[in-house]
Amino acid sequence: MEPLRDVDVLDLTQSIAGPVCTQMLGEMGAEVIKVEPPTGDAFRPLMNGSLFTAYNNGKKSICVDLKTERGREVLADLAGKADVLVESFRPGVLEKYGLDYETVSAENPEVVYCSLSGYGQTGPYRSYPGYDPCIQAMSGLMATTGYPDQPPVRIRSSLIDCGTGTNAAFAIMAALRERDTTGEGDYIDVSLFDVGISWMSYWIANYDATGEIPERNGEKGIGSAPNGLFAASDGYVYMITMTQAMFERLCEAVGRPDLIDDDRYRTMDDRIENRPELREDLQEEFATYAAEELERLLLEARVPAAAVRSIDEVVELPHAKARSMLAESYNPEAERPVEIAALPFHFASDGRRPGFSGLPPRKGEHTAEVLERLSWSDSDIETLRDEGAIE
């Protein structure tokens, strides 16, 4: 399944959001040329290479110094032939180097050009640096995460970065489809800020309707009860009931059918009003089970539940293995094979989950190969190296 097999992507991104986007395009068949500065992607050494390894599979790496005239000449050549250009520079920076959308599209009107940034290309914050945790704070996400009597909590995964990269890939695919019809490229502006705000949509809608400001609520869910984190004998289980039928199945499963007819818990509104008492009644039963035992009991009763697992337990989950959610890769910074998460979808036409088409590249591994394909001669390439324009 390679719908982008005839698409060339010029990747001028670092960090996480941009690499997530271009890796997804690459695994749909596109050839992705990752442009790195002479020092390499700034995220290469972080976590001993783990961040780079996770989101740069299947790409070709070239090292070009944008600050040199000859380096800019190389990138202008690449941009002029690219189907897609994805960049994550601060707004306005690439204009200085003649690689902004207006300049590139004048030479290459069919290009789909995507800018990824912290706050977008317009607005009073456009020039500010923005990383995932900062957007978690600014978007309101952090204010709703954690316990009411403690400071706000950062979600310790780069979910806004990954969501931004995914949204960018979706928009690029749509623009390519439109180009198939019109023959014209387009410009796409995607930011972490916009994605963070979009993920707070139902809280925004609720505030608009009620004037209520959401508060941190710890492990407790919203809109229903019981809904939250409960202690088992050896860990924790998150459990949700969203319907009367779920509540009744829960009570039967843990041997408390008497709670079904308890006047305090007859309806969802009753259960929300009497949440502390209901929690106490259920907690007494839950504590008699091990976490995974309780999880299995509830799931078999068709009650949504999950034991809280650490990463060493996650990679051993039989379901993750059955779903082929772990893939082999290679960490070029640590110089060792590693296991990473696979792409989170598969196609029936292939009958399997898409694997990674190649390993993450070493810094500048494909510089000569890419330039030779653009008809740069061996002597030209050697001159560029001598001048410090490439590595």
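Reader: Leaving aside neighbours within four places in sequence, which residues is Ile390 in contact with?
Author: Cys63, Val64, Val74, Thr367, Leu371, Ile381, Leu384 and Arg385. Contact means heavy atoms within 4.5 Å. This is a predicted model, where local features need pLDDT of at least 70, side-chain atom pairs count only at pLDDT 80 or more, and totals for chains, interfaces and linings use all residues. Residues are numbered from 1 along each chain as its sequence is written, and side-chain values use heavy atoms, with hydrogens and water left out.

Reader: Which residues touch the most other members of the largest nonpolar core?
Author: Leu10, Val74, Leu75, Leu78, Leu371 and Ile390, out of 26 residues. A nonpolar core is a set of buried Ala, Val, Leu, Ile, Met, Phe, Trp, Tyr and Cys residues joined through side-chain atoms within 4.5 Å. Buried means under 20% relative accessible area, exposed over 50%, partly exposed in between (1.4 Å probe, protein chains only).

Reader: Which element gives the most to this core?
Author: α3, with 4 residues. Helices (H or I, at least four residues) and strands (E, at least two) are DSSP runs, numbered from the N terminus.

Reader: And what does the second, separate core include?
Author: That core has 24 residues, among them Ala30, Val84, Cys114 and Val190.

Reader: Switching to Asp132. Where is Asp132 found?
Author: In helix α5, residues 132–138.

Reader: Does Asp132 count as buried or exposed, and why?
Author: Asp132 counts as buried because its relative accessibility is 1%.

Reader: What does the side chain of Asp132 join in a polar contact?
Author: The side chain of Gln136, at 2.7 Å. A polar contact is a pair of N or O atoms within 3.5 Å; within protein, one must be able to donate a hydrogen and the other to accept it, and residues adjacent in sequence count only if both atoms are side-chain atoms. A polar atom of the Asp132 side chain also lies 2.9 Å from the backbone nitrogen of Asp161.

Reader: How far apart are Asp132 and Asp161?
Author: 29 residues in sequence, and 5.8 Å in space, C-alpha to C-alpha.

Reader: New topic. What order does the open sheet of 3 strands have?
Author: β7-β8-β9, with antiparallel pairing. The edge strands are β7 (227–231) and β9 (305–307). Two strands pair if DSSP finds at least two bridges between them.

Reader: How many bridges join β7 to β8?
Author: 5, and β8 covers residues 236–240. Ala231 stands opposite Tyr236 in β8.
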